[in-house]
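Me: I would like to learn how to read the features of a protein model one at a time. Please give the general idea for each and then the case at hand.

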Amino acid sequence: MTRFDVLKDFLDRYRVEHAGSKAHLEYWIPAEDLPEFYKSIVGRIEVTPLSARIRSLPADR
């Protein structure tokens, strides 16, 4: 999994969508907008261990 910041001005053009569960929210960026999306990434892209995400899931999942 990755974590990174994106300029708010760019993200404001898109809706947040549910991706699978109500707890999993993400922006759906169309492929034709990806070059501008990449330019809107701010700072570093952090690679996070998947096991950290699994530990943070609610117990009823």
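Me: Which side chain meets Arg15 in a salt bridge?

Reply: A salt bridge is a side-chain nitrogen of Lys or Arg within 4 Å of a carboxyl oxygen of Asp or Glu. Here the side chain of Arg15 meets that of Glu17, at 2.8 Å from N to O. This is a predicted model, in which local features need pLDDT of at least 70 and side-chain atom pairs count only at pLDDT 80 or more, while totals for chains, interfaces and linings use all residues. Residues are numbered from 1 along each chain as its sequence is written, and side-chain values use heavy atoms, with hydrogens and water left out.

Me: How many salt bridges does a search of the whole structure find?

Reply: The search finds 4. One of them joins Asp12 to Lys8, with the closest N and O atoms 2.9 Å apart. Asp12 is partly exposed at 48% relative accessible area, and Lys8 is exposed at 58%. Glu36 forms a salt bridge with Arg13, where the closest N and O atoms are 2.7 Å apart. That pair links distant parts of the chain, 23 residues apart: Glu36 is in helix α2, and Arg13 is in the loop between α1 (8–11) and β2. Both ends are partly exposed, Glu36 at 38% and Arg13 at 47%.

Me: In what order do the elements of the protein chain run from the N terminus?

Reply: Helices (H or I, at least four residues) and strands (E, at least two) are DSSP runs, numbered from the N terminus. The order in this chain is β-α-β-β-α-β-α, which comprises 3 helices and 4 strands.

Me: How many bridges join strand β2 to strand β3?

Reply: Two strands pair if DSSP finds at least two bridges between them. Strand β2 (residues 16–19) and strand β3 (residues 21–27) run antiparallel and are joined by 4 bridges. Within this pairing, His18 stands opposite Leu25 in β3. The two strands form a hairpin with 1 residue between them, and Gly20 in the turn has a positive phi of about 100°.

Me: Which residues make up the largest nonpolar core?

Reply: A nonpolar core is a set of buried Ala, Val, Leu, Ile, Met, Phe, Trp, Tyr and Cys residues joined through side-chain atoms within 4.5 Å. The largest one has 6 residues: Val6, Phe10, Leu11, Tyr14, Ile29 and Phe37. For contacts, the criterion is heavy atoms within 4.5 Å. Leaving aside neighbours within four places in sequence, Phe10 is in contact with Ile29, Asp33, Glu36, Phe37 and Ser40. Over the chain as a whole, buried residues make up 16% of the 61 residues.

Me: How many aromatic pairs does a search of the whole structure find?

Reply: A pair of aromatic rings is described by the distance of the centres and the angle of the planes. Rings of Phe, Tyr and Trp (its six-membered ring) pair if their centres lie within 6.5 Å; planes under 30 degrees apart count as stacked, over 60 as edge-to-face and the rest as tilted. The search finds 4 pairs. Phe4 and Phe37 have ring centres 6.0 Å apart and planes at 65°, so this pair is edge-to-face. The two are 33 residues apart and link distant parts of the chain, with Phe4 in strand β1 (residues 2–6) and Phe37 in helix α2 (residues 34–39). The rings of Phe37 and Tyr38 have centres 5.8 Å apart and planes at 55°, so that pair is tilted. Phe37 is buried at 13% relative accessible area, Phe4 is partly exposed at 30%, and Tyr38 is exposed at 53%. One aromatic cluster is formed by Phe4, Phe10, Tyr14, Phe37 and Tyr38.

Me: Where is Thr48 found?

Reply: Thr48 is in the loop between β4 (41–47) and α3 (50–55). Thr48 is buried, at 13% relative accessibility, and touches Met1, Thr2 and Arg3, not counting residues up to four places away in sequence. Pro49 is in the loop between β4 and α3 and is exposed, at 52%.

How values were computed
Buried means under 20% relative accessible area, exposed over 50%, partly exposed in between (1.4 Å probe, protein chains only).
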